[in-house]
Amino acid sequence: MEALTNAANWFMGLFQEGGSVFMGLVTGILPTLIVLMIAINSLIRFVGEERVEKIAGKLAGNYVTRYTLLPVLAVFFLGNPMCYTFGRFLKQEYKVGFYDATVSFLHPVTGLFPHANPGELFVWIGIAAGLETLGMDLGPLAMWYFIVGLILIFCRGIITEKIYNYLVAKKNA
């Protein structure tokens, strides 16, 4: 009988813990995301969706800006997870590569701009603590993370776009 009672308590505890996590989201990140979404959509309406689409279209016009500058701007200004919304201004064949490039840049940017992805901050803080213990400067590492991140997102964006287009062509053939 005790085992059954323990199982029932564990089962209810599981949902209570889920409720606690949900309340943490409701009082933590969700209001921030909602306000950020409102602000960005208001800014887009203020500037004009046509102008924003035109700028994004210019940035999406070549591989270099599409898979470096556009994801960097999205991550820097919007942070995670709002940065993915910049993809709405791209042609369908670019969206998958943009997403891959953007999601791949969320960690490398943390050393220089921790606001962009606070969820990854614990990784950077752990690395930084080790380097500080050794008496090393964090600046060069943060810069190298950023530079290598740019190279990585450029390569990933192009490769993902090529794979996506190949699969779409294969499906339509």
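## Salt bridges

Counting a salt bridge as a side-chain nitrogen of Lys or Arg within 4 Å of a carboxyl oxygen of Asp or Glu, we get 2 salt bridges here. This is a predicted model, where local features need pLDDT of at least 70 and side-chain atom pairs count only at pLDDT 80 or more, while totals for chains, interfaces and linings use all residues. Residues are numbered from 1 along each chain as its sequence is written, and side-chain values use heavy atoms, with hydrogens and water left out.

One of the two pairs is Arg66 with Glu161, at 3.3 Å from N to O. It ties together distant parts of the chain, 95 residues apart: Arg66 sits in helix H4 (residues 63–78) and Glu161 in helix H7 (residues 139–172). Helices here are DSSP runs of H or I with at least four residues, numbered from the N terminus. Both partners are buried, with buried meaning under 20% relative accessible area, exposed over 50%, and partly exposed in between (1.4 Å probe, protein chains only).

The other pair is Arg156 and Asp100, whose closest N and O atoms are 2.7 Å apart. As a general point, side chains of opposite charge can pair when their charged atoms come close.

## The largest pocket

The largest pocket holds about 340 Å³ of space. Of its 14 lining residues, Leu43, Ile44, Val52, Phe77 and Phe86 are the closest to its centre. A pocket, on a 1 Å grid over the protein atoms alone, is an open set of points where a 1.4 Å probe fits, with protein on both sides within 12 Å along at least five of seven lines; lining residues have an atom within 4 Å of a point. The volume is the space filled by probe spheres set on the points, which are joined across faces, edges and corners.

Helix H2 (29–47), helix H3 (49–59) and H4 each bring at least two residues to this lining.

Trp10, Phe11, Met12, Leu14 and Phe15 make a nonpolar surface patch of about 590 Å². Patch residues have over 30% relative accessible area and no salt bridge, and nonpolar side chains (Val, Leu, Ile, Met, Phe, Trp, Tyr) are joined within 5 Å, like charges within 9 Å. Areas come from the Shrake-Rupley method with a 1.4 Å probe; for residues, only the protein chains shown count as cover.

Met12 lies in helix H1 (residues 2–27) and is partly exposed, at 48% relative accessible area. Ala8 is in helix H1 too, and is partly exposed at 42%. Ala129, in helix H6 (residues 121–133), is 117 residues from Met12 in sequence and 39 Å away in space, C-alpha to C-alpha.

## Loops

Asn80 and Pro81 are joined by a cis peptide bond, with omega about 10 degrees. Pro81 lies in the loop between H4 and H5. For context, most peptide bonds are trans.

Val109 is in the loop between H5 and H6, and it is buried, at 2% relative accessibility.
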